[in-house]
Amino acid sequence: MHTAIAAEPPRTPDVEELLRLGDEFTFALYPADSCYLLDVSELEAPGVTVFVGRDETGRAIGMAALVVKPDGSAELKRMFVHPDARGRGLASSLLAAVEGAAVTAGVETLQLETGPLQDAAIALYERNGYARVPNFGPYVGDPHSVCYAKRLAQARVL
């Protein structure tokens, strides 16, 4: 299966469907006040890049967002792969796209938050070099949140 990954605007019907499915998945696992999901308008904000994976038919089957904050820090948000497209390496490819964009933006450390019940996500992040860190920002004190970070390799300017 060939998957194309590209930065896209989030306000398209199939990307909004991925957001809806991601919301359903998350709200089924955690209380609403422990779900830190960005909505489509937040994904359209300055500093946010949404990456979408599409199959050979053009259908959106996965997504991830890079949120670069004014202080130069960055966070991975809204990582989600459609249930019928899991197990094909798409999440790793989306993660690589986000990391590449973060490096280009000059980000040194990429942070993320996930839930303790999301074993597959945690395994993906740990396999890709993310280390557990103390909860940061809005996640501090939330027992339904686990946070990870990865120091990114920066291209050296000669």
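I call a residue buried under 20% relative accessible area, exposed over 50% and partly exposed in between, with a 1.4 Å probe and protein chains only. By that rule F80 is buried, at a relative accessible area of 9%.

I note that this is a predicted model, where local features need pLDDT of at least 70, side-chain atom pairs count only at pLDDT 80 or more, and totals for chains, interfaces and linings use all residues. Residues are numbered from 1 along each chain as its sequence is written, and side-chain values use heavy atoms, with hydrogens and water left out.

**Sheet**

I took helices (H or I, at least four residues) and strands (E, at least two) as DSSP runs, numbered from the N terminus. Two strands pair if DSSP finds at least two bridges between them. I found an open sheet of 7 strands, in the order 1-2-3-4-5-7-6, with mixed pairing. Strand 1 (4-7) and strand 6 are the edge strands, and each pairs on one side only. The twist from one strand to the next averages 30°. For angles, axes are lines fitted to C-alpha atoms, for helices over the stretch in contact, and values run from 0 to 180 degrees between N-to-C directions.

I then looked at strand 1 and strand 2 (residues 48-54): they run antiparallel, joined by 4 bridges. A7 stands opposite F51 in strand 2.

**Helices on the sheet**

I count contact as heavy atoms within 4.5 Å. Helix 1 packs on the sheet and touches strand 2, strand 3 (60-68) and strand 4; its direction makes about 80° with that of strand 3. Helix 4 (residues 119-127) also packs on the sheet, touching strand 4, strand 5 (109-114) and strand 7. The direction of helix 4 makes about 165° with that of strand 5.

I placed A97 in helix 3 (residues 90-104). A97 is partly exposed, at 21%. Leaving aside neighbours within four places in sequence, A97 is in contact with I5 and F51. The C-alpha atoms of A97 and V52 are separated by 9.7 Å, at 45 residues apart along the chain.

**Aromatic pairs**

I paired rings of Phe, Tyr and Trp (its six-membered ring) if their centres lie within 6.5 Å; planes under 30 degrees apart count as stacked, over 60 as edge-to-face and the rest as tilted. The structure holds 4 such pairs. F25 and F80 form a tilted one, 6.5 Å centre to centre, with 55° between the planes. F25 lies in helix 1 (residues 13-29) and F80 in strand 4 (residues 74-81), so this pair ties together parts that are 55 residues apart in sequence. F25 is partly exposed, at 34% relative accessibility.

Y36 and Y139 form an edge-to-face pair, 4.8 Å centre to centre, with 90° between the planes. Y36 lies in the loop between helix 1 and helix 2 (40-43), and Y139 in the loop between strand 6 (131-133) and strand 7 (146-151), so the pair ties together parts 103 residues apart in sequence. Y36 is partly exposed at 22%; Y139 is buried at 2%. Y36, F136 and Y139 form one aromatic cluster.

I also checked for a charge over a ring (NZ of Lys or CZ of Arg within 6 Å of the ring centre and within 35 degrees of the ring normal). R86 lies over the face of F25, at 5.6 Å from the ring centre.

**Cysteines**

I looked for disulfides (cysteine sulfur atoms within 2.5 Å) and the count came to 0. For C35, the nearest cysteine sulfur is that of C147, 14 Å away. C35 is buried at 13%, and C147 is buried at 0%.
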